[in-house]
Each structure stands twice: as structure tokens, then as C-alpha cells.
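Dear colleague,

Please read the notes with the structure open beside them.

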Amino acid sequence: RPAMGDEDAARQAEEIDALRAMYAGEDEFELLSEPPREGGGGPPVTFRVKPEGLAAACAVQVTLPPNYPSKDSPSFAVTGLRAAQAAMVVERLDEKARERQGEECVF
């Protein structure tokens, strides 16, 4: 059985691949950091999703900590909305991530 770091890194890589396929339009998905390292233990992985059909400047930035998804939840930042709206979206995303603790929850 692979070590937890290996498993988390592999699961993160698979989730990022799925997100890239889902958000394949121009500028819909952008990896902002290095991809997950095989063997785990690397720095957090950060990417931005800007789905077509949302407000032109609206995007969600997601950071996956090294122990995601086995132990830790991702963090979210929303841009392109008024502060109150962005805070509501982040709160809802955080809530969903907590509900799915231990499993992939971004896609």
C-alpha cells in the first residue's frame, strides 16, 4: 500500500487532470504552482478555475495542502465578486469541503 503522501499526491494529480478536462475552454483552468510531487510532501498546489458563463472577471482560486484529501481540506478564494458575495461563496465552498473530508471535493 502506498504511503499517505504518495496517495495524496496521486489523488491530487488525478483531480487536477479531471478539472483540466472539465474546464478545457480558454483561460478556464490555470495551474498557478508546481503540480503535486510524486511521493507527496511538496508545497501546496494552487490553481484557478474561471468557468465560462460566470461573470467575466469571476474566478475561484483553490489551494490544495500537501495532506489533501486524506486529512486536510482545500482553501478557496473568490475574485471578481463584491466582498460580501465572495465571502458567501467561500463559506459555502468551505462547508462543502468539510462535508467531504477525506475525499476529493473540488470537482
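Predicted model: local features only at pLDDT ≥ 70, side-chain atom pairs only at ≥ 80, totals over all residues.

Along the principal axes, the C-alpha atoms occupy a box of roughly 45 × 30 × 20 Å. Of the 107 residues, 30% count as buried, and the accessible surface amounts to about 6400 Å², with 50% of it belonging to carbon and sulfur atoms. As for contacts with a separation of 6 or more, 40% of them are made by residues 24 or more positions apart.

Turning to charge, there are 12 positive and 20 negative side chains in the chain, and the centres of these two sets lie 5 Å apart. Side chains of opposite charge can pair when their charged atoms come close. A search of the whole structure finds 6 salt bridges, and some of these are described here.

One of them joins Glu-104 to Arg-11, with the closest N and O atoms 2.9 Å apart. Because Glu-104 lies in the segment after α2 (83–99) while Arg-11 belongs to helix α1 (residues 4–22), this pair ties together parts that are 93 residues apart in sequence. Both Glu-104 and Arg-11 are buried, which here means under 20% relative accessible area.

Another salt bridge is formed by the side chains of Arg-48 and Glu-30, at 2.4 Å from N to O. This pair also links distant parts of the chain, since Arg-48 is in strand β2 (residues 45–49) and Glu-30 in strand β1 (residues 29–31), 18 residues apart. Arg-48 is partly exposed, with a relative accessible area of 28%, and Glu-30 is likewise partly exposed, with a value of 38%.

Within helix α2, Arg-92 and Glu-95 lie 3 residues apart, about one turn of the helix, and their side chains meet in a salt bridge with an N to O distance of 2.7 Å. Arg-92 is partly exposed at a relative accessible area of 43%, and Glu-95 is partly exposed at 30%. Elsewhere, salt bridges that share partners join Glu-7, Arg-11 and Glu-104 into one network, which brings us back to the buried pair of Glu-104 and Arg-11.

Two points in the backbone remain. Where does the cis peptide bond occur? It joins Tyr-68 and Pro-69, with omega at about 5°, and Pro-69 is located in the loop between β3 (59–64) and β4 (75–79). The other point concerns Asp-27, whose phi is near 65°, a positive value in a residue other than glycine. Asp-27 sits in the loop between α1 and β1, and this residue is exposed, with a relative accessible area of 59%.

With kind regards

Notes:
Residues numbered from 1 in each chain as written. Heavy atoms only, no water. Buried < 20%, exposed > 50% of the residue type's maximum accessible area, 1.4 Å probe, protein only. Contact = heavy atoms within 4.5 Å. Areas by Shrake-Rupley, 256 points an atom, 1.4 Å probe, with all protein chains shown as cover. Lys, Arg positive; Asp, Glu negative; His and termini not counted. Charge placed at Lys NZ, Arg CZ, Asp CG, Glu CD. Salt bridge = Lys/Arg side-chain N within 4 Å of Asp/Glu carboxyl O. Helix = DSSP H or I, 4+ residues; strand = E, 2+ residues; numbered from the N terminus.
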